[in-house]
Amino acid sequence: MMKKRMSASLLSLSFISAVALAADNVPLSQQAWIHKGEQVAIASDCQACHTKPEGGTPYAGGYGISSPMGVIYSTNITPSKADGIGHYTEEQFARAVRDGIRSDGSHLYPAMPYTSYTRLSDEDIKALYAYFMHGVTAVDEENIPTELPFPFNMRFAMIGWNMMFLDKGRFEPDASQSEQWNRGAYLVNGPGHCDTCHTPRNLLMGENHGKAFAGGMVGPWYAPNITSDPVSGIGGWSNEQLVEYLATGRTKGKNQAAGGMAEAVQNSLQYLPNEDLLAIAVYLKSTKPVRDPLDMQAADQFGQPVNVENGLRGLHPATANHTQDTGAALFSGNCASCHQPDGSGSKNQAYPSLFNNTATGSSNPANLISAMLFGVDRKVGNEHVLMPNFGPESYVNYLNDKEIALIANYVLQNYGNPQVNVSEADVAELRAGGPVPLLAKLQPYMAPAMVVGVLVLIALIFVLGRKRKTVSEQK
């Protein structure tokens, strides 16, 4: 099992890039390659997706990644020759990581972020290969097959998708920028694959590079705008605040990590040295700003303390059931004990303040809703931040769509962005897995459309054939 804790002094030697190769042509021992590969694997957050949650074996696969097209299961990438990648050559491994093509020639779906990993250098790939072949324990654990509906199950269609959206090429440093900036650019756009979640997608689910890092939905969670815009993005954050957030998953008065970002902090970012986190911050603060026209002020500037209890005294007897029918009463009964009656959060901010909070001040309320539906679970160092969920599997209290919407609107009106309103339909959509893009909505009609297309083609061939025959007979 891979070591999850590493000293910053070791990690500072880690991430091999086109920017900072300590020794381009100096041979390394096998153990050094393995160590280097482990560090690149951490930076690339491989374990998060290739390990089942709740005690799964590292890198044995089976993690169900929710996509608009269906659930995509990550594969076993241990050196098992029966079920993993033990039979891969280094060339085949490189092709899978950087081009999205498996050893048998079939194509991976871009849930595996090869569109970013294509930036990895040859040295990175060599190190990763050494680590996965010799530093990871082989596990004979069968893969769960991914079974997407037609036509998304036709993997060969990825050939066309890659032609349109896979920008192949290794990272090239910008000579006009500092070494620190280039390191950040490499980490963000290469192993860190930040664009995969934080860049909106087009109709065919390719990244809209014209709005790079401007935010996008990832299932029921919203990966927020991380451009340099001071209102919609992180332009109003200091470098120190960004480093703190990346290392711990929270920054007082700003934000806290949940969902996929909590996994990234837990499995990857907390182990990066501060100099690499600072490089990421420097790069992000230099990106092209993208402003959401709905944003009138920064999300972390909304709200103030409002005590919910004073107006509720005596209204709801302790033993009465189903009497909490307002947002204030539901907040008091389900949220105030941790977030405090005035919304200021716990003393150590493990349960954060609900005002000056990007989740409540955002023009997109998805993260506020999803935090209630799915909870927050984040382990950083010796600290375990756990907010129970209020969804169907809740061990505290199940809340229906109407109740979640009532709480969300109470929070938004008093602590967050009062211009945002949450409906029961909004909650139901996120509970079901998030917005469904047009391409997925069209799926039921694709097979009939293809049949009709074939029939029309056959009819045209028949008509043209008859016409040509008639002309020939007339001659």
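1. Aromatic pairs. In this predicted model, the count of aromatic pairs comes to 14. One of them joins phenylalanine 171 and tyrosine 186 in an edge-to-face arrangement, with 5.6 Å from centre to centre and 65° between the planes. The pair links distant parts of the chain, 15 residues apart: phenylalanine 171 lies in the loop between α7 (158–165) and α8 (179–189), whereas tyrosine 186 belongs to helix α8. Phenylalanine 171 counts as buried because its relative accessibility, 10%, is under 20%. Tyrosine 186 is likewise buried, at 1% relative accessibility.

2. Tryptophan 237 is buried, with a relative accessible area of 6%.

3. Tyr59, Phe93, Tyr129, Tyr131 and Phe132 are linked into a cluster by ring pairs. Elsewhere, a charged side chain meets a ring: lysine 126 lies over the face of tryptophan 33, at 5.3 Å from the ring centre.

4. Overall composition. The protein has 20 helices and eight strands. Its chain has 475 residues, of which 49% count as buried. Among contacts between residues at least 6 apart in sequence, 66% join residues at least 24 apart.

5. Helices α10 and α12. The axes of α10 (residues 239–248) and α12 (residues 274–284) come within 9 Å of one another and cross at roughly 120°. The crossing of α10 past α12 is right-handed. On the α10 side the contact is made by Asn239, Leu242, Val243, Leu246 and Ala247. On the α12 side it is made by Asn274, Leu277, Leu278, Ile280, Ala281 and Val282.

6. Helix α13 (residues 327–334) is mostly covered, with six of its eight residues buried. These buried residues are Gly327, Ala328, Ala329, Leu330, Phe331 and Asn334. What covers them includes α14 (336–339) and α17 (401–414). The axes of α13 and α17 come within 8 Å and cross at roughly 95°. The two helices are therefore roughly perpendicular. In this contact, Gly327, Ala328, Leu330 and Phe331 of α13 meet Glu403, Leu406, Ile407, Tyr410 and Val411 of α17.

7. Glutamate 207. This residue is placed in the loop between α9 (194–198) and β3 (216–218). Although its side chain is acidic, glutamate 207 is buried, with a relative accessible area of 9%. Leaving aside residues up to four places away in sequence, glutamate 207 touches Thr115, Asp195, Thr196, Thr199, Pro200, Arg201 and Asn202.

8. Lysine 252. The loop between β5 (250–251) and β6 (255–256) holds lysine 252. At 68% relative accessibility, lysine 252 counts as exposed, because the value is over 50%. The C-alpha atoms of lysine 252 and asparagine 357 are separated by 8.3 Å, while the two residues are 105 residues apart along the chain.

9. Backbone geometry. Most residues other than glycine have a negative phi, and most peptide bonds are trans. The peptide bond from phenylalanine 150 to proline 151 is cis, with omega near 5°. Proline 151 is found in the loop between α6 (122–134) and α7. Glutamine 349 has a positive phi, near 65°, and is a residue other than glycine. Glutamine 349 sits in the loop between α14 and α15 (358–361), and at 13% relative accessibility it counts as buried. Asparagine 356 also has a positive phi, near 55°. Asparagine 356 is located in the loop between α14 and α15, and it is partly exposed, with a relative accessible area of 28%.

Definitions and conventions: Residues are numbered from 1 along each chain as its sequence is written. This is a predicted model: local features need pLDDT of at least 70, side-chain atom pairs count only at pLDDT 80 or more; totals for chains, interfaces and linings use all residues. Side-chain values use heavy atoms; hydrogens and water are left out. Helices (H or I, at least four residues) and strands (E, at least two) are DSSP runs, numbered from the N terminus. Buried means under 20% relative accessible area, exposed over 50%, partly exposed in between (1.4 Å probe, protein chains only). Contact means heavy atoms within 4.5 Å. Rings of Phe, Tyr and Trp (its six-membered ring) pair if their centres lie within 6.5 Å; planes under 30 degrees apart count as stacked, over 60 as edge-to-face and the rest as tilted. A charge sits over a ring if NZ of Lys or CZ of Arg is within 6 Å of the ring centre and within 35 degrees of the ring normal. Axes are lines fitted to C-alpha atoms, for helices over the stretch in contact, and angles run from 0 to 180 degrees between N-to-C directions. A crossing is left-handed if the near helix is turned anticlockwise from the far one by less than a right angle, and right-handed if clockwise. Angles under 35 degrees count as roughly parallel, over 145 as roughly antiparallel, 65 to 115 as roughly perpendicular and the rest as oblique.
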